[in-house]
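Here is a short briefing to read alongside the structure. Have a look at the fold, then follow the points below.

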Amino acid sequence: MKIPFKKTRTDIKQYVDTLSQDGFRKIFDQIDQLSVKKGVDKHGLDKFINHCAYMAAGSGAIAGSGGIITMLVGMPVDFVNLITQQFRVTMAIMYYAKGSYRVGFDEFMQLVATSFKIEAGVAVTKNVMEGIAEKLLLAFGVRAAERLVPVVGAVIGGTANYLFVKRMAQKVKEINRVDKRVVIPVV
């Protein structure tokens, strides 16, 4: 008997490998850390987080707006945008907590791993990166079927992305001990 989803599982595993090996680094390198700093300085941390959450919501709404056609074309773009916005939020919180906007990739990914409750040692390993990619794909994939219904899919996609960014921001704030009134630098 042939397992119908075997190819799908293989494709997902390949996507996880690609994302964990090169994808996160490429997304990280494309983000202008100085503009994140300027956004936090100009608008404050919470408004910057809201802006990123709305950007993620926009791509989620577009990907789910037209049913299967826009979902197939829009999901990859939506997924990359969701990761980008989450990375921007994480950088903003790190800047807010530490006072330095320059963040190295390994230090950054350790915080991302911790926010996903993935054990990260001193070095960010391939297993840690794969764990992050798997958790992101799982969170993203759960909502995929719901986006098949036009218009309703837009509401679901936009809302789910917005809430994902906001929840992850709260986790990163807790890890960095960022409170609305007091900033305690993490050493």
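Predicted model: local features only at pLDDT ≥ 70, side-chain atom pairs only at ≥ 80, totals over all residues.

The protein is built from seven helices and zero strands, so its elements read α-α-α-α-α-α-α from the N terminus on.

**Overall fold**
- The protein has 187 residues, and 44% of them count as buried.
- Among contacts with a separation of 6 or more, 72% are between residues 24 or more positions apart.

**The largest nonpolar core**
- This core holds 40 residues, and those touching the most other members are F24, F87, I93, F108, M109, I132 and L136.
- At least two core residues come from each of α1 (6-30), α2 (33-43), α3 (45-65), α4, α5 (105-115), α6 (126-142) and α7 (152-175).
- Helix α4 gives the largest share, with 11 residues.

**F108 and its partners**
- Setting aside neighbours within four places in sequence, F108 is in contact with F28, F87, T90, M91, M94 and V103.
- F108 and its partner F87 are both listed among the core residues that touch the most other members.

**F79 in helix α4**
- F79 sits in helix α4, which covers residues 68-98.
- F79 counts as buried because its relative accessible area is 3%, and the cut-off for buried is under 20%.
- The C-alpha atom of F79 is 8.4 Å from that of G60, although the two residues are 19 apart along the chain.

Conventions:
Residues numbered from 1 in each chain as written. Heavy atoms only, no water. Helix = DSSP H or I, 4+ residues; strand = E, 2+ residues; numbered from the N terminus. Buried < 20%, exposed > 50% of the residue type's maximum accessible area, 1.4 Å probe, protein only. Core = buried A, V, L, I, M, F, W, Y, C linked by side-chain atoms within 4.5 Å. Contact = heavy atoms within 4.5 Å.
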